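Q: Could you take me through this structure and show me how its helix packing and burial are to be read?

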Amino acid sequence: MKNFLPLLCSTSLFNGLTPEELQTLLAQLGAVMRSYGKGEALVLAGEPNRRVGIVLSGELEAYRPGPQGARIPITHMEPGGVFGDVLSGSSLASPDGSPAHQQTLRNLVRTISDKYFSLSRRIDLLVLKSLRAKVCAYLLSEAERAGSLTFSIPFSRIQLADYLNCDRSALSRELSQMQRDGLLDTYKSSFKLLEPEVLKQMVQ
């Protein structure tokens, strides 16, 4: 795990800790490394979970079951992503009340809060009536997150359609029309917003 200390220190959970402090804390908390195969489930809905996890390598996707066996994507994580935090309860009970542990608890609360607001934004997006409004709202939020009008999203077109709760063909037609209208440029998962102010008006 020593090789992953720089990555772990950069996560929202362990922000502000030195590698030395983190190494001590991980030993106190009984941290372990686990490997999973492609498509293998880490946590299932309804099952108890007492640990917080961090993606060290590879990718992780969270889904919730939808109608007729469909899977609705909730989030996509790459190395550094924190998962299981909302369900972990008191799994981080303090072994010694060290400053490093207290900092981690503060970071945990902040991480959970960020995810709550992310879910709130998703709900705001899904209640929009038109597909174009949903697309505009999502792309504007991703541009804000990236701090640039040119950015990449973590979803394929199929995943984005699931995220927006729409038909993939309808989404492709809408994006093509928006490109013809001069509102954006897109290639695969990359986007460039050409008229952000016009897109904002379409969300209202």
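Q: At what angle do the axes of helix 4 and helix 7 cross?
A: Axes are lines fitted to C-alpha atoms, for helices over the stretch in contact, and angles run from 0 to 180 degrees between N-to-C directions; helices (H or I, at least four residues) and strands (E, at least two) are DSSP runs, numbered from the N terminus. Here the axes of helix 4 (residues 131-146) and helix 7 (residues 196-203) cross at roughly 130° and come within 8 Å. Angles under 35 degrees count as roughly parallel, over 145 as roughly antiparallel, 65 to 115 as roughly perpendicular and the rest as oblique, and helix 4 and helix 7 are therefore oblique to each other. The model is a predicted one, in which local features need pLDDT of at least 70 and side-chain atom pairs count only at pLDDT 80 or more, whereas totals for chains, interfaces and linings use all residues. Residues are numbered from 1 along each chain as its sequence is written, and side-chain values use heavy atoms, with hydrogens and water left out.

Q: Which residues make the contact of helix 4 with helix 7?
A: Contact means heavy atoms within 4.5 Å. On helix 4 the contact is made by Arg 132, Ala 133, Cys 136, Ala 137 and Leu 140, and on helix 7 by Pro 196, Leu 199, Lys 200, Met 202 and Val 203. With Ala, Val, Leu, Ile, Met, Phe, Trp, Tyr, Cys and Pro counted as nonpolar, Asp, Glu, Lys and Arg as charged, and the others, Gly among them, as polar, these residues divide into eight nonpolar, no polar and two charged.

Q: How does helix 4 pack with helix 6?
A: Helix 4 and helix 6 (residues 168-180) have their axes 10 Å apart and pack at an angle of about 70°, and they are therefore roughly perpendicular to each other. Leu 131, Arg 132, Val 135 and Cys 136 of helix 4 meet Ala 170, Leu 171, Glu 174, Leu 175, Gln 177 and Met 178 of helix 6, a contact with seven nonpolar, one polar and two charged residues.

Q: Is Asn 107 buried or exposed?
A: Buried means under 20% relative accessible area, exposed over 50%, and partly exposed in between (1.4 Å probe, protein chains only). Asn 107, placed in helix 3 (residues 99-126), has a relative accessible area of 0% and is therefore buried. Leaving aside neighbours within four places in sequence, Asn 107 is in contact with Ser 12, Leu 13, Phe 14 and Asn 15.

Q: What share of the protein chain counts as buried?
A: Of its 204 residues, 34% count as buried, in a chain that has seven helices and seven strands.
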